[in-house]
Each structure stands twice: as structure tokens, then as C-alpha cells.
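Colleague: I'd like to learn how to read a model like this one. Could you walk me through it, feature by feature?

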Amino acid sequence: MAERLIDEFIEKWLDLSLKVREKQGLDEALHAQLIELLGRIESELAGQGQIPKRLADVFLDLWGALTSCADTYDEAARRTIYVAADHLVFHAREICWS
């Protein structure tokens with residue numbers, strides 16, 4: 001089950017990241033789906049003492065990938081993207097610490 005959730009998370013993360021890089025803005029519905037998936041992944045991986053490397057690789061790039069693109073947007077959109085990146089990283093940390 002965790003592997004399927006991770007696959008889905010990575011696919012949706014790549015979609016969100018691409019939209020931001022292509023200056024389509026932050027897809028808030030997709031962002032909400034990512035947050036929900038991270039909660040489900042956390043439940044699946046809780047107590048295992050490790051996370052899959054491919055998930056860890058995505059976690060390493062979450063914040064930087066979004067915030068580096070945010071600087072091409074106006075102030076309001078930039079702030080929205082930074083907050084979204086912070087939320088994703090918060091949930092990623094919760095998975096790493098559980």
C-alpha cells in the first residue's frame with residue numbers, strides 16, 4: 001500500500017512542480033491532494049524506522065524546487081508558493097520523524 005501511495009505522491013508532486021515552473025501558478029487542489037497523500041504515507045510508514053530512498057530523494061528537493069521558481073512570480077503568488085512549500089516540507093518532516 002505504501003508503495004502505491006508513494007508512486008501517486010511522486011506523480012502528483014511532479015505535476016505540481018511542473019505547473020509552478022511553467023508559470024501556471026500553484027494548483028491548490030493538487031497541493032491539497034499532496035498534503036492528504038503525505039498524511040496517508042505517514043500512517044503507512046509509521047514505526048518502520050526508515051523511508052524509501054526514492055521518497056527521501058523527493059523530500060530533499062521539495063522546498064528548493066518550489067521556492068526557486070517562486071521568485072519569477074509577483075509578490076502575492078510568491079508568498080502563496082512559499083507557504084505551500086513550507087506545508088509540504090512540514091508533512092515530509094513528520095514522516096521522517098515518525
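This is a predicted model: local features need pLDDT of at least 70, side-chain atom pairs count only at pLDDT 80 or more; totals for chains, interfaces and linings use all residues.

Colleague: Now the helix itself. How far does H2 reach from its first C-alpha to its last?

Modeller: The idea is to compare the reach with what 1.5 Å a residue would give. H2 runs over residues 28-45, 18 residues in total, and spans 26 Å, close to the expected 26 Å.

Colleague: Which residues of H2 are buried?

Modeller: First the general idea: an α-helix has 3.6 residues a turn, so residues three or four places apart point the same way. In H2 the buried ones are Leu30, His31, Leu34, Ile35, Leu37, Leu38, Ile41 and Leu45. They cover an arc of only 165° around the axis, so they sit on the same side of H2.

Colleague: What is on the face turned away from that buried side, and what covers the buried residues?

Modeller: The face turned away carries the exposed residues Glu28 and Ser43. The cover over the buried residues includes helices H1 (2-21), H3 (53-70) and H4 (75-97).

Colleague: Let me try a single residue. Is Ile6 buried or exposed?

Modeller: Start with accessibility, then check contacts. Ile6 belongs to helix H1 and is buried, at 0% relative accessible area. Leaving out residues up to four places away in sequence, Ile6 touches Ile41, Pro52, Arg54 and Leu55. Ile6 and Ile41 are 35 residues apart along the chain, yet 7.0 Å separates their C-alpha atoms.

Colleague: How many residues are in the largest nonpolar core?

Modeller: You ask who is in it, then who has the most contacts inside. The core has 31 residues, and Phe9, Trp13, Leu62 and Leu88 have the most contacts within it. H1, H2, H3 and H4 each supply at least two of its residues, and H1 gives the largest share, with 8 residues.

Colleague: What is Trp13 in contact with, leaving aside neighbours within four places in sequence?

Modeller: Quite a list: Leu34, Val58, Asp61, Leu62, Ala65, Leu66 and Leu88.

Colleague: On to charges. How many salt bridges are found in the whole structure?

Modeller: There are 9. Glu3 and Arg54 pair at 2.7 Å, and they link distant parts of the chain, with Glu3 in H1 and Arg54 in H3, 51 residues apart. Glu3 is partly exposed at 42% relative accessibility, as is Arg54 at 31%.

Colleague: How far apart are Asp57 and Lys53 in helix H3?

Modeller: Their side chains form a salt bridge at 3.1 Å, N to O. Asp57 and Lys53 are 4 residues apart in H3, so about one helical turn separates them. Lys53 is exposed at 61%, while Asp57 is partly exposed at 34%.

Colleague: Which residues are linked in a network of salt bridges?

Modeller: Asp71, Glu75, Arg78 and Arg79. Arg78 is partly exposed at 23%, and Asp71 is partly exposed at 46%.

Technical notes. Residues are numbered from 1 along each chain as its sequence is written. Side-chain values use heavy atoms; hydrogens and water are left out. The expected span of a helix is 1.5 Å times one less than its number of residues. Buried means under 20% relative accessible area, exposed over 50%, partly exposed in between (1.4 Å probe, protein chains only). The arc is that of the directions from the helix axis to the C-beta atoms. Contact means heavy atoms within 4.5 Å. A nonpolar core is a set of buried Ala, Val, Leu, Ile, Met, Phe, Trp, Tyr and Cys residues joined through side-chain atoms within 4.5 Å. A salt bridge is a side-chain nitrogen of Lys or Arg within 4 Å of a carboxyl oxygen of Asp or Glu.
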